[in-house]
Amino acid sequence: MLRPVCHKTDEHRSYLQALDDFSIAELLAKLNNYCEQQEQQTLAALLISQLTQSLDAELVASYLSAIVLNRHDLLPRLINQKFSASSVDLPDDFPNTAKTPRFLYGDKLRWIGSGTDWGTAIGRFYSFAPHLCCWSWCYLIWLSKDSPSAAWTSADIAWEEDLEPIEAEPML
């Protein structure tokens with residue numbers, strides 16, 4: 001059971017900070033709308049236990065991918081997404097519901113971020129993107145010989161959301 005200490009010590013402040021950092025305080029506040037304080041802690045412990053036992057490996061992988069890619073904007077969407085065996089099947093109404101690709105063959109592209117690879121789009125395919133929990137365009141990029149990864153590979157793939165066009169250098 002979650003029991004705060006009664007005196008204001010560094011340990012108590014650390015305890016309260018941990019409750020806040022891990023959203024336990026927010027959970028308890030929301031449970032306040034449904035039950036008495038005495039029941040809140042028991043219910044919170046049960047909900048956390050249930051979450052722990054029912055973690056879905058695909059959902060965890062999607063969260064990790066979004067974090068690694070520094071796409072924290074995707075995290076709120078992921079919790080509402082449900083994986084099912086059919087979600088990774090090609091959509092029945094493909095290609096009618098597929099969004100129009102942002103990039104064309106021959107476009108000069110780079111991965112979003114600093115110190116990244118760049119090259120020319122030479123292909124694309126529509127695939128299920130687990131980190132987005134939906135279908136998306138993925139591009140085959142022929143790397144520029146000056147691109148960092150060109151030392152060990154000539155091409156790579158990237159999701160549309162991870163690419164941006166290379167600005168054309170001004171002509172002098």
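Me: Does Leu55 count as buried or exposed?
Reply: Buried means under 20% relative accessible area, exposed over 50%, and partly exposed in between (1.4 Å probe, protein chains only). Leu55 has 53% relative accessibility. Leu55 therefore counts as exposed.

Me: What kind of model is this?
Reply: Residues are numbered from 1 along each chain as its sequence is written, and side-chain values use heavy atoms, without hydrogens and water. Local features need pLDDT of at least 70, side-chain atom pairs count only at pLDDT 80 or more, and totals for chains, interfaces and linings use all residues, as this model is predicted.

Me: Where is Leu55 found?
Reply: Helices are DSSP runs of H or I with at least four residues, strands are runs of E with at least two, and both are numbered from the N terminus. Helix 3 covers 37-53. Helix 4 covers residues 57-68. Leu55 is found in the loop between helix 3 and helix 4.

Me: Which residue of strand 3 is the bridge partner of Arg124?
Reply: Two strands pair if DSSP finds at least two bridges between them. Strand 2 and strand 3 (residues 134-143) run antiparallel, joined by 10 bridges. In strand 3, the partner of Arg124 is Tyr139.

Me: Which residue takes a positive phi in the hairpin of strand 2 and strand 3?
Reply: This hairpin has 4 residues between the strands. The phi in question is near 60 degrees. The residue is Cys133.

Me: How many disulfides does the count come to?
Reply: A disulfide is a pair of cysteine sulfur atoms within 2.5 Å. By this rule, the count is 0.

Me: Does Cys138 count as buried or exposed?
Reply: Cys138 has 2% relative accessibility. Cys138 therefore counts as buried.
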